[in-house]
Amino acid sequence: MNRPCKELKRISRENLTGQYRIPMGALLVSWIIPQVIELPFSMAVGEHPTLFQNITLYAAEFLIALVSFVLTAGIAVIHLNIARKKEVALGMVLCGFKEHADRFILAGIFRMLAVLLGMLPFLIGYAIHRLFFNLNYILLGILLVISIAITIFFLLNLFLVLYLVIDRPELSVWCCVKNSMQSMRTHKKRLFYTYLSFLSLVLLCVLSMGIGILWVQPYQEQTLVNFYLDVTGQLPTSTQAAPGSAEYRTFQEYI
């Protein structure tokens, strides 16, 4: 446990050697499906949408966000299998729709609520600014920074939820939330640094017109999976451990 970010990234690079094809394909699928679902709703809204059209569009966006989260669960399953030296297939990206979809949707709702609660100071300030009287833009900026900091804090605490929902089907989603918050008490700073360590690669992706994200995103996802395995004591002491050994034993088989 408590492996440094550099070590987790090294293990991730070893795990992904010769394995990039399926994670990259799964990433593309997770992008395409929400876009296809959203397209008819966006096309139905004209230049001057009615109140009903706006409500319909917002409801569709909410449902599409939940679909995206279930697809994210499928990507997590793929990366967990890669980390555990198990076979992977592109179809696993859809596994969240086949079993326990309600659990993944509920986990996604918890995540949305965390973002909403975190952004509440800015949303209240913006509502006051628009509906009652103009607030100083510096004040709005301060509220935005505070809201982003609170949101990041909440999301860091909930980082383990998705993986626990996958690995621990015998636990309720709320128990997974509580376990994540308890486990992340002493790991938030390390996780935050792990995210920051990919900032330079993300900037390179921008310079490559976004194409580089096909390589960077799987690398980051695999590193985050290894972070989860490290926090929960499942990351083997040797990356050469044999598949199926005690070092790779999971809480409970999901696939």
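The side chains of Asp167 and Arg84 form a salt bridge, with 2.7 Å between N and O; the term denotes a side-chain nitrogen of Lys or Arg within 4 Å of a carboxyl oxygen of Asp or Glu. This pair joins distant parts of the chain, since Asp167 belongs to helix H8 (residues 161-167) and Arg84 to the loop between helix H3 (51-83) and helix H4 (95-98), 83 residues apart. Both Asp167 and Arg84 are buried, where buried means under 20% relative accessible area, exposed over 50%, and partly exposed in between (1.4 Å probe, protein chains only). The model is a predicted one, in which local features need pLDDT of at least 70, side-chain atom pairs count only at pLDDT 80 or more, and totals for chains, interfaces and linings use all residues. Residues are numbered from 1 along each chain as its sequence is written, and side-chain values use heavy atoms, with hydrogens and water left out.

The structure holds six salt bridges. In one of them, Arg3 pairs with Asp230, and their closest N and O atoms are 2.9 Å apart. Here too distant parts of the chain are linked: Arg3 lies in the segment before helix H1 (5-16) and Asp230 in helix H12 (residues 213-231), 227 residues apart. Arg3 is buried, with a relative accessible area of 15%, and Asp230 is buried as well, with a value of 1%. Arg190 joins Arg3 and Asp230 in a network of salt bridges. Another salt bridge connects Arg168 and Glu170, at 2.4 Å from N to O. Arg168 is partly exposed, with a relative accessible area of 21%, and Glu170 is partly exposed at 45%.

The chain as a whole comprises twelve helices and zero strands; these are DSSP runs numbered from the N terminus, helices being H or I of at least four residues and strands E of at least two. The radius of gyration of the chain is 20 Å, close to the 18 Å that the globule rule gives for 255 residues, so the chain is as compact as a globular protein of that length. This radius is taken over C-alpha atoms, and the rule is 2.2 Å times the number of residues to the power 0.38. The C-alpha trace spans about 65 × 40 × 40 Å along its principal axes. Of the 255 residues, 43% count as buried.

A pocket is an open set of points on a 1 Å grid over the protein atoms alone, where a 1.4 Å probe fits, with protein on both sides within 12 Å along at least five of seven lines; lining residues have an atom within 4 Å of a point. The largest pocket contains about 990 Å³ of space, a volume being the space filled by probe spheres set on the points, which are joined across faces, edges and corners. Among its 38 lining residues, the closest to the centre are Thr72, Arg111, Tyr195, Glu221 and Leu224. H3 supplies the largest share of this lining, with seven residues. By class, the lining divides into 29 nonpolar, seven polar and two charged residues; Ala, Val, Leu, Ile, Met, Phe, Trp, Tyr, Cys and Pro count as nonpolar, Asp, Glu, Lys and Arg as charged, and the others, Gly among them, as polar.

The second largest pocket holds about 210 Å³ of space. Its lining includes Phe110, Trp174 and Met181. H5 gives the most to this lining, with four residues. Ten residues of the lining are nonpolar, one is polar and none is charged.
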